[in-house]
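Trainee: I have a structure to go through. Could we discuss it together?
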Amino acid sequence: MGLSMVPTPPTRHEAEALAGRLPPLLVEAERIAATVIQGVHGRRRIGTGDSFWQFRAYTAGDPVTRIDWRQTGKSGRPYIRENEWEAAQSVWLWHDRSPSMDWHSSRRLPLKSERAALLLLALSALLIRGGERVALLGEGDRPGHGPAVLERLALRLAQPHKRKPGEQDGLPISIELPAHAGLVLISDFLTPLDELRRIVMGFAGRRVRGHLLQVLDPAEETLPYDGRVRFDGLEHEPSTLVSRVESIRGQYLDKLAAQREGLAALARLYGWSFATHRTDHPPHAALLALFGMMSGAPQRGRPQQGWV
């Protein structure tokens, strides 16, 4: 006679497996958000509320009915009166999950992808506490708010990334977003600027308010190696053997600086914000800087920037 055993429900195994991955990220994200929110006072947003926000120059496509004729008469140029948005906004978030993000120069440091996911989730927690609706870009979800949405985001981030049709490494999918929606892109942004410019131009053309956060490992900013070093490509690039790394350090740093200046110029062109973050720095500073940039209203040609 066989032994009678009570089967363990499959859902328990699934929950235990998830508990081993999900809570640390979610708990850490909420802890960071709680720390940051102590110094944050509600966001001010452009929109259809009654409270005055600012005047800005009239641009083609703006409704003529929104022209403030008194300010226009004073300046001799047409100006639009913008008010604070009193309704909840929708913010789409994306972080780079390409192979180049799964790297760190030391085991004491997080992978770039881990830090990006943590910042994305902590930012989501802040936005949700502020009454915003959030969603991951390209996942087909409608923006939502509340603890259930945050848990769903954490679950999505814990799952292996599945490449979508038309997706390119290091670049978000260009999809239709509503005008005046918010968009946060987190990446190392080491892809060619022309490719990124095409994506940003598409979103900005639909009046999406964007924010770029570049996440880099400290070794990527300083190239601290000396002597003979072999660099292996992470995204199908061939390996490169450099006999004396110190001989190319200056050229490398110049190229990195040019890439960063290009990113800043791209943000400046479309009125987006841009900041950088090193994985050896605390995530709190990056989150506070990013949330602060989203609290403002950058105008075309005047982006907000930060290095954290």
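Trainee: Is Glu221 buried or exposed?
Mentor: In this predicted model, Glu221 is buried, because its relative accessible area is 17%. Buried means under 20% relative accessible area, exposed means over 50%, and partly exposed is in between, with a 1.4 Å probe and protein chains only.
Trainee: Which side chain does Glu221 meet in a salt bridge?
Mentor: The partner of Glu221 is Arg260, at 2.6 Å from N to O. A salt bridge is a side-chain nitrogen of Lys or Arg within 4 Å of a carboxyl oxygen of Asp or Glu.
Trainee: And where do Glu221 and Arg260 lie?
Mentor: Glu221 is in helix H7 (residues 218-222) and Arg260 is in helix H8 (residues 249-270), so the pair ties together parts 39 residues apart in sequence. Helices (H or I, at least four residues) and strands (E, at least two) are DSSP runs, numbered from the N terminus. Arg260 is buried as well, with a relative accessible area of 15%.
Trainee: Why can such side chains pair?
Mentor: Side chains of opposite charge can pair when their charged atoms come close.
Trainee: How many salt bridges are there by this rule?
Mentor: The count comes to 13. One of them joins the side chains of Lys112 and Asp188, at 2.9 Å from N to O. Lys112 lies in helix H4 (residues 112-129), and Asp188 in the loop between strand E5 (182-187) and helix H6 (193-204), so this pair ties together parts that are 76 residues apart in sequence. Both Lys112 and Asp188 are buried.
Trainee: Which residues are linked in a network of salt bridges?
Mentor: Glu139, Asp141, Arg152 and Arg156 form that network. Arg156 is in helix H5 (residues 147-158) and Asp141 is in the loop between strand E4 (133-136) and H5, 15 residues apart. Arg156 counts as partly exposed, because its relative accessibility is 23%.
Trainee: Changing topic, how many helices and strands does the chain have?
Mentor: The chain has 9 helices and 10 strands. Of its 308 residues, 44% are buried.
Trainee: What should I know about the numbering and the values?
Mentor: Residues are numbered from 1 along each chain as its sequence is written. Local features need pLDDT of at least 70 and side-chain atom pairs count only at pLDDT 80 or more, whereas totals for chains, interfaces and linings use all residues; side-chain values use heavy atoms, with hydrogens and water left out.
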